[in-house]
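I opened my notebook to look up strand pairing and disulfides here. Come along and check the entries with me.

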Amino acid sequence: MTQAFHSAVLSTVLLGALVATATAQPAKKPAPLPPATLPVVGDTLTVMGAPTWGKRDWLYDVPSAKDAAGKVVIHWFCPAKVKTCVDDLARIVTLKENGHAYIVAHIDGNKAQAKKLDPIRESEGVGQGSVAFGRGVTPLMKQMKITGPTSIVVDLDGKVVLVSTTAAPADLDARDKKVGELIAAIKEYVLTNSDAPKDIKPQDKFSLSMSVKLASWLTYSKKTPMSFKVTAPPDFKCDAKELKGDQLKIENNILTATVTCTAPKGQYEARGELNFGYEDPNNAAGLGAEGAKWKFEIKP
């Protein structure tokens with residue numbers, strides 16, 4: 001046999017050995033998570049917390065971003081045997097019952113202890129949060145140096161706006177006040193445009209328009225008819241006095257309705273009414289209505 005043949009055989013054997021060795025190598029374990037740290041104001045936090053918070057056991061389903069949409073999220077931490085946690089529980093339940101807060105509780109204790117500090121209250125709080133307990137929570141709270149009632153308040157944009165780490169009544173009052181302010185600022189929709197016409201000459205075309213911006217977690221409903229009605233003086237000539245459905249424009253969650261009119265010289269007042277429906281991520285429906293009044297003068 002030639003030397004070349006022997007070299008080829010040897011290369012094949014070596015390659016096979018290398019492949020077998022590589023195949024036999026055990027799979028690498030995922031790298032351990034770095035220690036968790038207590039978030040600070042301005043950090044981004046989801047309903048599941050930060051990636052370093054790791055896996056936890058839950059009394060209910062895992063926290064739901066859908067259920068939390070349009071709500072202030074409060075991550076509440078408590079060691080099961082700390083009395084001030086029992087005292088703060090009533091406050092947390094009150095915040096939850098407002099309907100615009102989503103509570104993710106973390107109890108350093110077993111399942112039975114977690115149930116005693118459960119702010120969700122089973123069927124009373126369906127869709128309003130969840131409760132983590134036991135393994136996973138204990139090292140998490142140890143890493144973050146949490147020894148008493150601790151609240152991390154997250155606004156609708158996912159940013160931490162307050163971190164409360166004491167059970168002092170004044171601090172808990174400040175937390176509750178902040179949550180109340182955030183809830184009061186929640187708007188399903190806002191009127192963004194209803195400007196009156198300006199510098200109009202007799203028989204020139206002008207627009208009567210309204211725009212409504214829907215909150216980012218909502219969508220306009222196709223199940224509810226949307227409409228725009230204009231009430232104007234009889235000498236107004238408009239391409240329409242009422243718009244429905246596809247005659248209204250939706251772009252970037254902004255609903256806009258516009259009619260074009262002409263009128264003779266004079267001082268005028270007209271009114272518009274915009275009606276629509278919307279749905280949240282769980283398909284719960286709502287109704288919206290906005291009105292506008294336009295006062296303007298048409299002159300040569």
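My entries follow, ground rules to begin with.

I am working on a predicted model, where local features need pLDDT of at least 70, side-chain atom pairs count only at pLDDT 80 or more, and totals for chains, interfaces and linings use all residues. I number residues from 1 along each chain as its sequence is written, and side-chain values use heavy atoms, with hydrogens and water left out.

**Entry: strand 15**

I took strands as DSSP runs of E with at least two residues, numbered from the N terminus, and called two strands paired if DSSP finds at least two bridges between them. Strand 15 (residues 266-279) pairs in the antiparallel sense with strand 9 (residues 219-220) over two bridges, and there Thr219 stands opposite Glu279. Strand 10 (residues 227-231) is also antiparallel to strand 15, over five bridges. I found Arg271 as the bridge partner of Thr231, and Arg271 also stands opposite Lys293 in strand 16. Strands 15 and 16 (residues 285-298) pair over 14 bridges, again antiparallel. Five residues separate them in a hairpin, and Asn283 in the turn has a positive phi of about 70 degrees.

**Entry: disulfides**

I counted two disulfides, taking cysteine sulfur atoms within 2.5 Å as a pair. Cys78 joins Cys85 at 2.3 Å from S to S; the S-S torsion is about -100 degrees, so this disulfide is left-handed. Cys238 and Cys261 have sulfur atoms 2.0 Å apart, and their link is right-handed, with 105 degrees about the S-S bond.

Technical notes. Helices (H or I, at least four residues) and strands (E, at least two) are DSSP runs, numbered from the N terminus.
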